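Colleague: I am still learning to read protein models, and I would like to go through one slowly with you. Could we open it and take its features in turn?

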Amino acid sequence: MTRQLSAALKALLVLTVLCGVLYPAAILAVGLLVPDRAAGQPVEVGGREVGSALLGQPPSGAEWFQGRPSASDASGETSGGSNLGPSNPDLATAVAEREQALRAANPDAPQEIPADALTSSASGLDPDVSPAYARWQAPRVAAARGLDVSQVLRLVADHVRPAPLGGVLGQERVNVLELNVALAALGRG
Amino acid sequence: MSIALQTATAVLLVAAILAATHVPLGAWMHRVFTDERDWRVERVVYRLVGVDPRTEQRWQGYAGSVLAFAVASVALLFLLILGQGLLPWDLGRSMHWDTALNTAVSFTTNTNWQSYSGESGAGHAVQMLGLTVQNFVSAATGIAVAVALLRGLARRHSDRLGNFWVDLTRATVRILLPIAAVAAVLLLLGGVIQNLASPHSIETLTGVQQTIQGGPVASQEAIKELGTNGGGFFNANSAHPFENPGPWTNLLEIVLILLIPFALPYTYGLMVGDRRQGAVAVGVIGTLLIGSIALATWAEAHAAAGPLASMEGKEQRFGIVWSSLFASVTTGTSTGAVNSMHDSYSALGGGVPLVNMLLGELSPGGVGTGLYSYLVVVVLAVFIAGLMVGRTPELLGKTVGRTEITSAALVTLTMPALVLLGTGLSVVLPTALDARANDGPHGLSELMYAVASASNNNGSAFAGLSADQPYLNLLLAFCMFAGRFVPIVLVLRLAGSLAAQGRRPVTAGTMPTHTPLFTTLVVGTVIVVAGLTFFPSLALGPIAEALS
C-alpha cells in the first residue's frame, strides 16, 4: 500500500503540473489575444470603467433603466439567488412588495407587470431584462428625463437582442447597462 | 415560440449534435484504451511515477490504486486549501477546516458539492492547482473504472483488468485535456473570463459601487462540464454571467456535459465486439433523459404558481426551457452545475432533478460512472429475467453467478442506504433542521436533495440549505466518499469475476440483450428499483408539496 500511495502522490503532482499549471496558463495566453473577452467585457464611458457588459448592476434613480431584482443587490461581492421555493410565503411577500414599489415608482406604466420584473434572478447579476420590462419602464424614464416616451421606446427597440436560431436558444433580452449608456448619450445629444 | 415547440427543438438540436459526435469520440476512446503504444508525454509521466505501463493489475491491485489515488488527492487538496494563505493569488480567501475537508472530498469524488462560496472560499491558486486538477483526474478515474469493467466483459480467462495509472494518464492526456482546451477557447470567445485579476471596485454609470470579480474561469469551466464535475468558480455557478454569458455558451456547456456520457456506450459496443449493446445503452439513457426534460419543462411552464413565479431563480438569457433542460442534464449526469436555482423550482419541477439523482445517476450519469452504473443495472435486469424464465442468467456469454449478483446488488443498495439513513438522521437533529431555508415538505426536499446529491456524487443543491456547518459538512463528506468508492470497489470486483470466466456460446435459449424488449426491461428495472426505495420519502417531500 505504501508503494501505491507513493505512486499516487507522484502521479498527482505530475498531473497537477499538466492540468493545473500548463493548461490554465495556455488558456490565459489565448486570453491575451482577446483581452476584452478575458476581462469580462468592461464598459467604459469617458475613459472610466462603469461596469461589465455581462453583469447586472445595483438599482439606482428613476431616470435609469433598472435590472431585475437581485438577492445580493448585484453588489458583485457574491452571487446567487433567493432560493425561496414557490410554496414559501416569503416569496409571495417579496413579489407583493416589489409589485407595490414598482407601481408607486411607475404611475404611468401598463397594468400588467412582466414576470422578470417581480422575480429575482439566479445569479443576482442578470444583465438583461425582457423587452417587455424595458418597454414597461419607458414612461418613467422618459418623464424623469423630460424625453418623449416614443423616443425612449425606440431606443429600447434598438437594443432588443433576439434569441439566436430563430428563437430556439434562450429568450429575447435587453442588456440594461448598454441601454443606459445609450440613454446617457441620448440625453447629452 | 411556444414552450412545447421550443423544448422539442432544443432537445432535437442537442440530440443532433450528440448524434454527430458520439461515433468518432466513442471510437477514439476505444483506441485510447486498446492502444499498445504510449505517447511521449505519457512515457515521461510513467517514468516520473515509477510504473511499468505494460504491467497489468488484478482487480484488487486496480482498486488499491484507485483508493490510493483518492486518499492522496483528498489529503493534498485539504492541505492546499488550508495553506492557501501561503500561495500567490490567495486574495485573502480561506475556509474553515470542516469546509476544507468537505471540499477536498467533494472534488476528489467528482461530486463538487460546494458548502463554500467561490467568491469567498477559494483564491485563484486553489482554483487552478487544486480544483481544476481534481476536475480532470476525478473524471479520468471514472472513465478508468468503466473501462476496467468493459475489459472484464470483453476478456476471457484473464485475471487482469489493465493498469490504473495508464488508464488515468491516457484518459487525462488523450481525451480530457484536448477537448477541454478547445472548449475553453470557445467559452473564452463566448465571453467566459480568463484572467488572474483580483476583485476590483468600480463606480457605475448611475453612481453606485460594484465589485467585478476575476479569475481563470474559462479553463475551469470547460473541464467542469466535460468531466461532469459541476463545481462553480463562483457561487452562482453556471448562472453567473462570467461562467455562462449567453445562449451559445449555455448550449456549449450542455453539449460538453453530455459529450462523453453519450459516447462511452459506443466505446462499450466496440470493446465487447457488439455495437448493438451500445445502442441499447443509448436507448435506455436517452429515454430516461428526454422523459425528465419533458417533465421538468412542463412543470416549470405550468407550475401551480404560474409562469410568473417560474422566473424566480432563473436568468433572462436562458428562460424556462433552457433552464429546465440544463437542470435535467446536470442531474441526469452527475454534474451538478446549475444555470438556475433548483430550490426555487415548482414542487414537481424541483422533484425531477431529485428523481434523476435517485435513479442512481445513470441517465446518462457521470463520465464513466454512468456507464458502470448502467451496466450494474443491466446485470440486475439479466438476473431478474433469468429468474422469470428459469434459466441461468447470462450477459454477453458471461454467467451472472453469486459473485456477480452480490456485487451488483451491493452497489444498488449503497446509495439508497446512504440517502435514506443520512436524511433520516438529519430530520431528527436540530442542527440540520436549522439549516433549512424553507419549512414543511419543501424543507424535507432540501435536506433529502443534499444527501442524495452527495451520495450520488452529483453536487447540485437546493441551495437555500445553509450547508456550511460542521455536521452537514462531515455527514455529506462521508456520503460522498462512501457513495463514490464503495461502488467502485464492488464494480472492480464484478469486473474481475467476469474477466476470469470464459465466454459461453450463444444458443437458442440465450436471452438476447440487444432488443427493444431488453431495453424496456432495463428502463423498468431502473424505475422499479428507485421507485420502491424512494417513493415513501418522495411522497413526504415534493409530492406532498405538489398536492398541497
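Colleague: In the largest nonpolar core, which residues touch the most other members?

Modeller: Keep in mind that this is a predicted model. As a general idea, in soluble globular proteins nonpolar side chains tend to be buried together. Here the largest nonpolar core has 202 residues, and Leu149(B), Leu176(B), Val491(B) and Leu492(B) touch the most other members. Helix H6 of chain B, residues 124–154, gives the largest share of this core, with 20 residues. Domain 1 (1–39) and domain 2 (44–188) of chain A both contribute residues as well, so the core lies between them. Apart from this core there is another one, of 27 residues, which includes Trp136(A) and Val174(A).

Colleague: Which residues does Leu149(B) touch, leaving aside those up to four places away in sequence?

Modeller: With those set aside, Leu149(B) touches Tyr372(B), Leu375(B), Val491(B), Leu494(B) and Ala495(B).

Colleague: How many residues does each chain bring to the contact between chain A and chain B?

Modeller: Chain B brings 94 residues and chain A brings 82 residues. On the side of chain B that touches chain A, helix H7 of chain B (residues 164–189) supplies the largest share, 9 residues, and that side divides into 54 nonpolar, 33 polar and 7 charged residues.

Colleague: And what is the strand order in the open sheet of chain A?

Modeller: Strands of a sheet pair through backbone hydrogen bonds, either parallel or antiparallel. In this sheet of 3 strands the order is S3-S5-S4, with antiparallel pairing. Strand S3 (128–129) and strand S4 (160–161) of chain A are the edge strands, each pairing on one side only. S3(A) pairs with strand S5 of chain A, residues 173–175, over 2 bridges, and Asp128(A) stands opposite Asn175(A) in S5(A).

Methods
Residues numbered from 1 in each chain as written. Chains lettered and ligands numbered in written order. Predicted model: local features only at pLDDT ≥ 70, side-chain atom pairs only at ≥ 80, totals over all residues. Contact = placed C-beta atoms within 7 Å. Helix = DSSP H or I, 4+ residues; strand = E, 2+ residues; numbered from the N terminus. Nonpolar A, V, L, I, M, F, W, Y, C, P; charged D, E, K, R; others polar. Pairing = 2+ DSSP bridges. Core = buried A, V, L, I, M, F, W, Y, C linked by C-beta atoms within 7 Å. Buried ≥ 20, exposed ≤ 12 C-beta atoms within 10 Å, placed from the backbone. Domains from an automatic or database assignment.
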